[in-house]
Amino acid sequence: MKEQEDKGNLKENKPNVNENSKNKQLEQFREDSKDQFMTTDQGVRVNHTADHLKAGPRGPLLMEDFHFREKMTHFDHESIPERVVHARGSGAHGYFQAYDDSLKEFTKAKFLTEPGTRTPVFVRFSTVVGSRGSADTVRDVRGFATKFYTEEGNYDLVGNNMPPFFIQDANKFADLVHAIKPDPDNEMPQASAAHDTFWDFASLMPESMHMIMWVLSDRAIPRSFRMMDGFGVHTFRLINEAGKACFVKFHWRSLLGSHSLVWDEAQKLAGKDADWLRRDLWEAIEMGDYPEFELSVQIVPEEDEFKFDFDLLDATKIIPEELVPLRPVGKMILNRNPDNFFAETEQVAFHPGNLVPGIDVTNDPLLQGRLFSYIDTQLNRFNSANFGEVPINRPITTTHNHQGAGFMRHTINKGKVNYWPNSLGGGCPMMAPGNMGGYIHHMERVEGHKIRGRSESFNDHYSQATLFWNSITEPERKHIVKAAHFELGKVMSKEIRQRMLGHFNKISPELAQRVSEGIGVEIPKNFEPEKSDNNYVADDASKKIKKGKSVKETDFVSMEKHKIETAKSRQIAILLEDGYDYCEVMQVKSALEAAGAHAKIVSKFHGMRKASSGEEIETDKSHITTASIMYDAIYIPEGEEHIKALLKEGDAIHFVNEAFKHCKPIATSGNGIALLQKASVLGIDFADENSQDVLTDSGVVTAGNDADADEFAAAFINAIKKHRHWDREEKMMVPA
Ligand code: HDD
């Protein structure tokens, strides 16, 4: 029917987008009870809510008590099914802004090419395996899903904090998730891969080996949602105004750098503060430390599709940045916490098929399966196809179609016409041609025989796992080996452990040897990976790909080689008891704050702490309410009485000792050095207590009592910027 070609009589549904567009839309749905009477859902004022209506003061409930029935019914129906994966998450609002229009050459997507526009976004970070109430710091992949509310409709980039994935085909997803989730008979263990079923599956799934390396690495225990990178994982397509396509991989880089916890710390945090990552994100935004991520793309021209030694459609592979460098596109800033967890973070519904003109999918068989699953899963969560009308899911453009009825329909469509084509409704809503924002699918030529199988070009499962191992530093390797000792050590079946060693041996004999030492089984001889489940088919792609480009190392996968060194937003504990040196504390504290770090006073008890010169500072946390694992670094000022008190305080000694063993920066001066000695800070050179020296050894900064406080603070900040000082791991016998 009618296709709108002349803009003249068209009511424009493209808003003038700015960073507040979504917030303004949400404002219509917000409720504030301040200075209001309580009402029922029907708006009738409530006169008493503490008792239900009874037949006499000791009598039974009367059915006519509409207020009680309504209140109880609401409560009884408050929960919706949690997400089958990524159940636990935390959300934040913000905006994205392109740096310039240089991507126009490749895409017509406006939000990526109009530097003047701040596109509102909502991001949900998540763990994958655990249920909604599980701990944040478990070893797991983290979800990194972004909804861009663009002027052309919603675009969702539903990624993870690791660039490959476990499997190549979505038909294996249910099996993967069943295997990694708690066992079906006893629902254990919670939020952990460390059990037989997951490693049974993985050991029979050679294609998961590259991802296994990432999951055993420190990326799986991020220090903060703000300090991890994000990846779109699949190869997608960009389409420009002329209809020309190219391949693209999306990357988010945290501008605070990518940093991890140590495993012991992650496990302890799961007990002491199960909300660690959620709290960190919330508090950072409340304090104005807005998380920032740079969006970059790797672009591959269509004609270069087969120029690599792997298939671009295989989601278990990365494109090494040495082969295709990142091209920065713009920056995302998260600057507002949600008002209501359920309404926003729980109800947000992502879908990799939410695309805008200029971005399209590829035939990646994992992505293709996702295109079905995400809508389907929302039907389970919302019990209605109208979930798109929930405020957090609405685009900021207006919507016009005939998808009317169904549970919980909010929109009131006017008129008789709810079909297309129509003449009674003037042919409306109209079809939009490409030059007026109509979405046009990339006209990829497709032909083939029906087959349950995969191109032989997907049949290399070890090269990139080896590439990962070869590209990381020794401390990172050590952490992988320890993680494997833990994960496989929890596996009861020796056959499964041994099968995994067979795979590790193919990745790197050194890796296999080091893992084998900790799990009580030998590397199998003549190991051949399971092949029975795969149907690889030799085709043109596989012939071309074997000749493709490859690299032997790719530095970008190493967190250590790619550290962004900043002290911004780091939490620093200052241990204080009465009798400290006030001037030194104030000088160091203000230097830390100037570097963007946050200093917190930790003492035996809450209350005021008095300096040797009489000034007072209030304690932020007492030892019983906090622990060293909640800080990035610690500082102990000098002061005679104060150090004497700390030397008698078991909690303070443990605090220093634990932080040292977790490789965190520690700074002290003058007689504070005695506390380090008492806390078994071993194998470290200290400055002479009665000198002007400032000495840094493996992130432990000590200064004599005549040292310059500015120099001392600067050395401490440098140590904080390095995050963790892994060389200490070599020196330690007893764990924290
Ligand atoms: Fe998925 C949720 C990321 C493969 C099926 N996925 C979900 C979320 C993220 C990802 C971040 C949480 C979104 C939110 O915060 O609400 N998933 C990925 C990535 C994958 C991936 C990066 C591989 C590249 N997923 C994948 C496959 C399937 C699914 C192969 C099924 C064919 N994922 C789902 C789901 C979920 C989901 C079952 C659960 C809740 C939801 O969708 O909204 O549909």
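How many bridges join strand E18 to strand E19, and do they run parallel or antiparallel? The model shown here is predicted. In it, strand E18 (residues 633–636) and strand E19 (residues 666–669) run parallel and are joined by 3 bridges.

Strand E9 (residues 327–336) pairs with strand E1 (residues 89–98) in the antiparallel sense, over 6 bridges. Within that pair, His-93 has Arg-336 of E9 as its bridge partner. E9 also pairs with strand E8 (residues 292–301), again in the antiparallel sense and over 6 bridges. There, Val-297 stands opposite Arg-327 in E9.

The next topic is the ligand. The shell around the ligand has 27 residues, and those that come nearest are Arg-83, His-86, Arg-124, Gly-143 and Val-233. Sorted by class, the shell holds 14 nonpolar, 10 polar and 3 charged residues. Strand E2 (118–127), strand E3 (142–150), strand E4 (153–160) and helix H10 (365–382) each supply at least two residues of this shell. The largest share, 6 residues, comes from H10.

Which positions does UniProt mark as "active site"? An unreviewed UniProt entry places this feature at His-86 and Asn-160. The two are spread over 75 residues of sequence but cluster in space, with a largest C-alpha distance of 10.5 Å.

His-86 is found in the loop between helix H2 (66–76) and E1. His-86 counts as buried because it has 22 C-beta neighbours inside 10 Å. Not counting residues up to four places away in sequence, His-86 touches Ser-126, Val-128 and Gly-143.

Asn-160, in turn, is found in strand E4. Asn-160 has 24 C-beta neighbours inside 10 Å and therefore counts as buried. With residues up to four places away in sequence not counted, Asn-160 touches Val-141, Arg-142, Gly-143, Phe-144, Phe-231 and Val-233. Gly-143 and Val-233 are among the residues that come nearest to the ligand.

The unreviewed UniProt entry also lists a "binding site" at Arg-83, Arg-124, Phe-173, Arg-370, Tyr-374 and Arg-381. Two of these positions can be followed further. Arg-124 lies in strand E2. Leaving aside neighbours within four places in sequence, Arg-124 is in contact with Gly-89, Gly-91, Gly-143, Ala-145, Thr-345 and Val-348.

Tyr-374 has its place in helix H10. With 16 C-beta neighbours inside 10 Å, Tyr-374 counts as partly exposed. Residues up to four places away in sequence aside, Tyr-374 touches Phe-350, His-351, Pro-352 and Gly-353.

A helix of another part of the chain is H13. Helix H13 (residues 494–507) has 14 residues and reaches 20 Å from its first C-alpha to its last, close to the 20 Å expected at 1.5 Å a residue. H13 is mostly covered, with 10 of its 14 residues buried. Among the buried residues are Ile-496, Met-500, Leu-501, Phe-504 and Ile-507. What do the buried residues of H13 pack against? They pack against helix H5 (196–203), helix H6 (209–216), helix H11 (463–471), helix H12 (474–489) and helix H14 (509–519).

The last stop is Asp-651, whose place is in helix H18 (residues 650–661). Asp-651 is partly exposed, with 17 other C-beta atoms within 10 Å. Asp-651 touches Lys-604 and His-623, not counting residues up to four places away in sequence. The C-alpha atoms of Asp-651 and Ser-603 are separated by 9.4 Å, while the two residues are 48 residues apart along the chain.

Methods: Residues are numbered from 1 along each chain as its sequence is written. This is a predicted model: local features need pLDDT of at least 70, side-chain atom pairs count only at pLDDT 80 or more; totals for chains, interfaces and linings use all residues. Helices (H or I, at least four residues) and strands (E, at least two) are DSSP runs, numbered from the N terminus. The expected span of a helix is 1.5 Å times one less than its number of residues. A residue is buried if 20 or more other C-beta atoms lie within 10 Å of its own, exposed if 12 or fewer, and partly exposed in between; C-beta atoms are placed from the backbone. Two residues are in contact if their C-beta atoms, placed from the backbone, lie within 7 Å. Two strands pair if DSSP finds at least two bridges between them. A residue is near a molecule or strand if its C-beta atom, placed from the backbone, lies within 6 Å of it. Ala, Val, Leu, Ile, Met, Phe, Trp, Tyr, Cys and Pro count as nonpolar, Asp, Glu, Lys and Arg as charged, and the others, Gly among them, as polar. UniProt positions are given in the numbering used here, feature names are shortened, and annotations may be inferred rather than shown by experiment.
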